[in-house]
Amino acid sequence: MFPQRRQLPEDPQIRALVQAMSQRSMSRRGVLGAAGALGLGGLLAACGTGGKSGGSSASAVSVKDISDTDPTVNWANWTLYLDYDEKSKSYPTLDQFKEQTGISVNYVEDIDGNDTYYGKVQGQLNAGQDIGQDLITLTDWMAGRIIRQGYTQELDHANIPNLANLLPDLKDVDFDPGRKNSITWQTGYAGIVWNKKKFPKGLKNVSDLWDPALKGRVTVLDEMRDTMGLLMLDHGVDITGQWGENEFGTALEDLRKNIGNGQIRQVKGNSYKSDFISGDAIAGIVWSGDIVQMNFENDDQWEFVIPEAGGTLWSDNLMVPIASPRKANAEKLINFYYEPKVAAEVAAYVNFICPVIGAKEEMEKIDPSLVDNPLIFPTEDDLSHAHVFRALDAEEETTLGSEFQSAIGA
């Protein structure tokens with residue numbers, strides 16, 4: 001009925017998983033496992049980006065909440081990141097939310113990349129102005145940045161009683177201790193994919209993307225930590241460890257070379273999916289849940305794998321921008337999506353890991369076949385090959401980010 005994402009339970013197997021993950025890596029979007037509600041949580045918590053909350057001039061902004069008189073919420077999210085009904089051209093869970101609360105949601109797939117979205121709204125956030133969104137969804141490292149800069153409002157947990165369903169290990173991440181300013185939305189992998197008919201021999205590692213048969217038909221992500229993370233892993237670098245600019249530079253040269261010689265068609269954010277659907281791209285570096293969804297809607301054309309050298313893990317987070325005048329409504333929406341049944345409906349469609357306790361059991365009621373999908377309920381072996389790009393300090397973020405942007409021509 002729905003495509004899928006994932007969730008997390010708990011048992012001895014999971015505790016072992018959490019220990020292993022804390023030694024090697026943490027996650028950016030996440031993984032749910034048949035055994036993993038709590039175990040996955042530990043993995044996700046580990047994927048915190050570091051950095052402490054700080055403040056900017058925007059922090060002093062005083063906002064009057066008009067939720068009681070304006071029953072709406074404006075929500076900016078990534079594409080293919082919420083359950084959608086093609087027949088009715090609507091989002092079923094948003095319809096349920098309106099029926100239950102009377103609050104309408106203006107939902108836009110307005111986020112194509114963390115950096116590009118930040119670039120569009122940073123000026124307004126810094127000035128303490130309303131960006132027109134009451135809820136935004138950004139990845140750990142960017143969430144950490146805007147929280148540190150004082151660009152988000154502190155959440156009232158009394159308005160989010162279902163926060164009790166958040167995996168325990170996700171309740172206190174290093175970029176937002178105590179989850180005062182953010183709540184996990186979903187988590188997942190970055191890995192490699194290919195069109196099974198057009199490239200039947202398939203891929204095992206990122207270096208296989210440089211096959212001459214794929215020239216001009218490869219796309220990679222404009223998310224630095226995912227593309228560079230996979231390239232560095234391909235060069236034997238432990239991206240969770242104490243690597244430096246030399247290791248980064250070697251992998252970046254690989255990227256520059258393959259952009260320059262035309263091997264890589266484009267470097268894109270979420271819009272890369274259109275290149276695969278049109279046939280312009282045959283292979284590339286992608287996000288796991290997108291491929292499950294694309295296959296569901298396009299006759300199972302693609303194969304996704306975590307490279308033998310390793311893939312990356314990530315999480316995305318819901319936050320209320322500094323000048324949003326409808327924080328209470330946004331909190332009601334967050335609370336709604338932390339109901340296990342609702343979370344399961346989303347997980348069944350989006351195909352990434354779900355951070356809500358109890359969603360796995362509810363998803364089994366929706367479609368038991370989804371429980372066996374390793375991209376929704378990952379195996380221990382998959383998790384052992386997934387790593388979190390280590391936290392960067394401010395100087396590294398500026399320097400390495402600039403080098404990456406220059407390399408991709410941004």
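Trp75, Met228 and Tyr337 touch the most other members of the largest nonpolar core, which has 118 residues. Helix 11 (residues 340-350) gives the most to this core, with 8 residues. A nonpolar core here is a set of buried Ala, Val, Leu, Ile, Met, Phe, Trp, Tyr and Cys residues joined through side-chain atoms within 4.5 Å, and buried means under 20% relative accessible area with a 1.4 Å probe, protein chains only.

Some ground rules: this is a predicted model, where local features need pLDDT of at least 70 and side-chain atom pairs count only at pLDDT 80 or more, while totals for chains, interfaces and linings use all residues. Residues are numbered from 1 along each chain, and side-chain values use heavy atoms, with hydrogens and water left out.

Back to Met228: leaving aside neighbours within four places in sequence, Met228 is in contact (heavy atoms within 4.5 Å) with Phe248, Ala251, Leu252, Leu255, Phe389 and Phe404.

Now for helix 4, residues 114-126. Helices are DSSP runs of H or I with at least four residues, and strands are E runs of at least two, numbered from the N terminus. Helix 4 has a kink of about 40 degrees centred on Lys120, taken as the angle between axes fitted to the seven residues ending there and the seven starting there. Just after the helix, Gly128 takes a positive phi of about 75 degrees. The buried residues of helix 4 are Asn114, Tyr117, Tyr118, Val121 and Leu125, and their cover includes these elements:

| Element | Residues |
|---|---|
| Strand 1 | 72-78 |
| Strand 2 | 104-111 |
| Strand 3 | 135-139 |
| Helix 5 | 140-148 |

Overall, the protein has 14 helices and 10 strands, and 60% of its 410 residues are buried.

Key. Expected span 1.5 Å × (residues − 1). Buried < 20%, exposed > 50% of the residue type's maximum accessible area, 1.4 Å probe, protein only.
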